[in-house]
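I opened this notebook to keep track of what I looked up, one topic at a time. The entries below follow the order in which I went through the structure.

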2 protein chains.
Amino acid sequence: MSWVAIRRTLARMYYETIRQMHKMLGQLDVWLETAATHAETEALDPNGFLELRLAPDQFPFARQVQTACDTAKLAASRLAGKQAPTQADTEQTLDELRARVGAVQTYLDRFTEKDFAGAATRVVTQPRWEGKMMSGADYFLEHALPNFFFHLTHAYAILRHNGVSLGKRDYLGALSLRAP
Amino acid sequence: MSWVAIRRTLARMYYETIRQMHKMLGQLDVWLETAATHAETEALDPNGFLELRLAPDQFPFARQVQTACDTAKLAASRLAGKQAPTQADTEQTLDELRARVGAVQTYLDRFTEKDFAGAATRVVTQPRWEGKMMSGADYFLEHALPNFFFHLTHAYAILRHNGVSLGKRDYLGALSLRAP
């Protein structure tokens, strides 16, 4: 076994999964655009979506979007051992949420495969864990990935529940299908 | 670069991600149990949950659970080049859905790291793709993983929307936190 090969393979897997998060954020942008069109067609306030939620004690739509963005941003920065820029969570409109999504995509574009060398064994912690920590590998699989999809899917579900016409293709986006 | 090391590393990554799906199915079982307790406390029919949905043209709860189960099952079997057992989607009760979840977990328990050697380059297809195909690597990242979390999170969201008391810990489950 070659440790160099293992480290490079792991780095590529993390990089490709972060790129998949980048792609899903692009789909989220499509949903935000579709919500704006829906509001226009129905003569609704497009920014009314931001406060909608599925349960009184769940995050409203705006915070689902913000948290999906932050989860992707922090996954990349923590696995690469970099400090992520902070964002103020002050978005009041669909357009501002789209700008937030775009800003995170631009941030993710800065990362290369090499940034994730050593990601699996990196020590990850956050204040909520009260001094405890996780390995990068565990953090990514057990925390970042499930949380990213949790908030992303809640954003999708809130729009669907409120009449925005979205389907599985809007969720998944284009697939790398090829001829046999 | 050693191809043996790369193949083994990839196999382990697929295996560990399938194990994470296994863990999330265990959390789904906790939500189903919590829904049953909620129904008992509120004197509701526990099986009424199965038909609930967030939008008229979305899958109801039962089918969200079935599809999450199938997505995990098919991800493992397709990446390993095995034929998965089919299930009939005839569940009528929360207990039957819990049995379905348990059956998929038992199926996933049969897989070892070695089963996923060659998973990244395996050819994956399904009738819906009309003769086209994806590599195992693309299929897993672009299709299986997002779909799994989509249906899993919709199951969670439907229960939360209907008053079942669940929180982020019920979603994520136990984390591999350790002392510094």
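**Entry 1: charged pairs between the chains.** Before looking at any pair, I wrote down that a salt bridge is a side-chain nitrogen of Lys or Arg within 4 Å of a carboxyl oxygen of Asp or Glu. I also noted that side chains of opposite charge can pair when their charged atoms come close. The model is a predicted one, in which local features need pLDDT of at least 70 and side-chain atom pairs count only at pLDDT 80 or more, while totals for chains, interfaces and linings use all residues. Residues are numbered from 1 along each chain as its sequence is written, chains are lettered from A and ligands numbered from 1 in the order in which they are written, and side-chain values use heavy atoms, with hydrogens and water left out.

With that settled, I found R160(A) and D57(B) joined by a salt bridge, at 3.0 Å from N to O.

**Entry 2: the interface.** How many residues of each chain are in contact with the other chain? Taking contact as heavy atoms within 4.5 Å, I found 51 residues of chain A against 51 residues of chain B. The size of an interface is often given as the accessible area lost when the parts come together. Buried area here is the accessible area (1.4 Å probe) that two parts lose on being put together, summed over both, and between chain A and chain B this is about 4800 Å², with carbon and sulfur atoms giving 66%.

I then looked at polar contacts, each a pair of N or O atoms within 3.5 Å; within protein, one must be able to donate a hydrogen and the other to accept it, and residues adjacent in sequence count only if both atoms are side-chain atoms. Between chain A and chain B, 16 residue pairs are in polar contact, both residues being at pLDDT 80 or more. On the side of chain A that touches chain B, helix 1 (3–41), strand 2 (134–135), helix 4 (136–161) and helix 5 (168–172) of chain A each supply at least two residues. The largest share of that side, 16 residues, comes from helix 4 of chain A.

Entry 3: I compared each helix with its expected span, which is 1.5 Å times one less than its number of residues. Helix 1 of chain A, with 39 residues, reaches 57 Å from its first C-alpha to its last, close to the expected 57 Å. Just after helix 1 of chain A comes A43(A), which takes a positive phi of about 55°.

Helix 2 (residues 61–80) of chain A has 20 residues and reaches 29 Å from its first C-alpha to its last, close to the expected 28 Å. G81(A) follows helix 2 of chain A and has a positive phi, near 70°.

**Entry 4: a pair within chain A.** I found D115(A) and K82(A) meeting in a salt bridge, at 3.4 Å from N to O. D115(A) lies in the loop between helix 3 (94–108) and strand 1 (123–124) of chain A and K82(A) in the loop between helix 2 and helix 3 of chain A, so the pair ties together parts that are 33 residues apart in sequence. D115(A) is buried, with a relative accessible area of 18%, whereas K82(A) is partly exposed at 42%.

**Entry 5: positive phi in chain B.** D89(B), a residue other than glycine, has a positive phi near 55°; D89(B) sits in the loop between helix 2 and helix 3 of chain B and is partly exposed, at 39% relative accessible area. E130(B) is not a glycine either, yet has a positive phi of about 50°. E130(B) is found in the loop between strand 1 and strand 2 (134–135) of chain B and counts as exposed, at 73% relative accessibility.

Technical notes:
Helix = DSSP H or I, 4+ residues; strand = E, 2+ residues; numbered from the N terminus. Buried < 20%, exposed > 50% of the residue type's maximum accessible area, 1.4 Å probe, protein only.
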